[in-house]
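Please open the structure in your viewer and keep the selection tool at hand.

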Amino acid sequence: MGAHTYLGRCGDIIMWVEDWTPRAACRVAQPDQLFVRGAEQNKAKQVCAGCPVRTECLAEALDNQIEWGVWGGMTERERRALLRRRPAASWRTVLETARNEGAKLAHAHAHAPASV
Ligand code: SF4
C-alpha cells in the first residue's frame with residue numbers, strides 16, 4: 001500500500017486519499033445504483049453515507065463538474081447548487097480544509113477537561 005492510498009490520520013489531519021476509487025463503497029454495489037433519477041437517488045445516497053472516501057469523491061465531482069449521478073452523497077442538482085455559490089472554488093481545497101478543521105475541533109473536544 002503506497003502513501004497515497006493510506007486512509008488515516010496524521011495528528012489532527014485526515015489524510016487525503018489520492019487513489020480513492022479502490023476504497024469506494026460503491027465498488028461492491030451495482031454501478032447502476034448511483035446513476036438513477038428521482039426517489040431512487042435517496043437509495044443511492046445511502047450507499048455513499050458509509051463510504052470512507054466520500055469527501056474525495058465529492059471533490060472530484062465538483063472540481064470536474066460531473067453532471068450525472070450521485071457522487072459523494074450528493075445528487076447532480078445538489079452539486080449544481082454548490083457550484084453556483086462558489087463557481088471558482090477548488091473544491092478539493094475547500095473540502096479538505098473543512099474536514100481537517102472538523103477533525104481538529106473533534107480532537108479538541110475529546111481532550112477537553114470534563115466539566116463538573
Ligand atoms: S461517495 Fe458514493 S459515489 Fe462516491 S465513491 Fe463513495 S459510494 Fe461511490
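Of the 116 residues of the protein, what percentage count as buried? The share that counts as buried is 20%, where a residue is buried if 20 or more other C-beta atoms lie within 10 Å of its own, exposed if 12 or fewer, and partly exposed in between, with C-beta atoms placed from the backbone. The model is a predicted one, in which local features need pLDDT of at least 70 and side-chain atom pairs count only at pLDDT 80 or more, while totals for chains, interfaces and linings use all residues. Residues are numbered from 1 along each chain as its sequence is written.

**Whole chain**

Display the protein as a cartoon.

Next, colour by pLDDT, the predictor's confidence in each residue, from 0 to 100. The protein averages 85, and 86% of the residues score at least 70. Confidence is lowest in strand β1 (residues 9-10), with a mean of 63, and highest in α2, at 97. Residues 1-6 have a pLDDT below 50, and beyond near neighbours in sequence this stretch has six contacts in the model; two residues are in contact if their C-beta atoms, placed from the backbone, lie within 7 Å. Where pLDDT is low, the predicted coordinates should not be read in detail.

**Helix α2 and the core**

Select α2 (54-63). Eight of its ten residues are buried: Arg54, Thr55, Glu56, Cys57, Leu58, Ala59, Ala61 and Leu62. These buried residues pack against α1, α3 (76-85) and α4.

Now select the largest nonpolar core, which has 16 residues. A nonpolar core is a set of buried Ala, Val, Leu, Ile, Met, Phe, Trp, Tyr and Cys residues joined through C-beta atoms within 7 Å. Among the residues with the most contacts inside this core are Cys57, Leu58, Val70 and Trp71. The elements giving two or more residues to the core are α1 (40-49), α2 and α4 (91-110), and α2 gives the most, with five.

Which residues does tryptophan 71 touch, not counting residues up to four places away in sequence? They are Cys57, Leu58, Ala61 and Ile66.

**Alanine 44**

Move to alanine 44 in helix α1. Alanine 44 is buried because 21 other C-beta atoms lie within 10 Å. Leaving out residues up to four places away in sequence, alanine 44 touches Gln33, Leu34, Val36 and Val70. A distance to display is that from the C-alpha atom of alanine 44 to the C-alpha atom of methionine 74, which is 9.2 Å for a pair 30 residues apart along the chain.

**The ligand**

Select the 14 residues around the ligand, where near means a C-beta atom, placed from the backbone, within 6 Å. Ala24, Cys26, Cys48, Cys51 and Cys57 come nearest. Both α1 and α2 supply at least two residues of this shell. By class, the shell has eleven nonpolar, two polar and one charged residues; Ala, Val, Leu, Ile, Met, Phe, Trp, Tyr, Cys and Pro count as nonpolar, Asp, Glu, Lys and Arg as charged, and the others, Gly among them, as polar.

**Glutamine 65**

Finish in the loop between α2 and α3, at glutamine 65. Is glutamine 65 buried or exposed? Glutamine 65 counts as exposed because it has 12 C-beta neighbours inside 10 Å. Its phi is near 50°, a positive value in a residue other than glycine. Most residues other than glycine have a negative phi.

Terms used
Helix = DSSP H or I, 4+ residues; strand = E, 2+ residues; numbered from the N terminus.
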